[in-house]
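Good morning. Please have a look at the sequence and the structure on the screen before I start.

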Amino acid sequence: MGFAIRPFAADDADWLLDQHANHYARVEGFDDTFGPLVAQIVADFLADHDPAREAGWMAHEGAVRWGTIFCVRLSDEVAKLRLFYLIPEARGSGAGQALLDRCLSFARDTGYRGMTLWTHEQHVAAGRIYKRNGFLRTDAKPVHSFGRDLIEETWEISF
């Protein structure tokens with residue numbers, strides 16, 4: 001397998017923020033409004049998450065962090081998948097599927113009846129993994145976000 005998955009820890013936050021800000025600026029052309037959004041999501045999670053219903057995980061190989069995924073409460077019945085990210089070198093390794101499996105299992109095991117997520121149509125590989133795992137794209141609309149014209153998508157799955 002080459003990687004392991006562990007709970008997300010507070011000392012992972014700077015890495016996560018740096019990865020998101022740099023990757024999405026460099027590869028996606030996002031402006032500097034994206035980093036603060038990610039920072040707020042992480043800060044809210046660290047300050048106020050309910051460990052019985054919300055969790056985050058880190059895929060890693062030894063001390064090298066590969067990626068993250070989070071399951072947070074949207075409502076009593078619906079979880080929200082957040083901050084699903086893998087470094088480019090980890091893509092194709094199975095780590096993304098393993099993170100998604102962990103997140104979906106946690107959501108089911110903690111009593112959620114479904115999960116939703118928000119992404120952009122330009123994230124083609126993400127759309128493929130969501131579709132392969134039973135998510136349905138329920139909405140798509142053009143937006144101007146993070147300094148770019150994008151197609152914002154909502155995906156959902158019921159358990």
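The model is predicted, so local features need pLDDT of at least 70, side-chain atom pairs count only at pLDDT 80 or more, and totals for chains, interfaces and linings use all residues. Residues are numbered from 1 along each chain as its sequence is written, and side-chain values use heavy atoms, with hydrogens and water left out.

First, the core. A nonpolar core here is a set of buried Ala, Val, Leu, Ile, Met, Phe, Trp, Tyr and Cys residues joined through side-chain atoms within 4.5 Å. Buried means under 20% relative accessible area, exposed means over 50%, and partly exposed is in between, with a 1.4 Å probe and protein chains only. The largest nonpolar core has 50 residues, and those touching the most other members are Trp57, Cys71, Leu81, Met115, Tyr130 and Phe135. Helix α3, residues 95-109, gives the most to this core, with eight residues. Helices (H or I, at least four residues) and strands (E, at least two) are DSSP runs, numbered from the N terminus.

Next, the rings. Rings of Phe, Tyr and Trp (its six-membered ring) pair if their centres lie within 6.5 Å; planes under 30 degrees apart are stacked, over 60 edge-to-face, and the rest tilted. The whole structure has 15 aromatic pairs. Phe45 belongs to helix α2, residues 34-48. Phe8 and Phe70 are both buried, and Phe45 is buried as well.

Now the loops. Contact means heavy atoms within 4.5 Å. Beyond its neighbours within four places in sequence, Asp12 contacts Arg6, Pro7, Met58 and Arg65.

His123 lies in the loop between β5 (114-120) and α4 (124-132). His123 counts as buried because its relative accessibility is 15%. Leaving out residues up to four places away in sequence, His123 touches Tyr24 and Glu28.

That is the end of my part.
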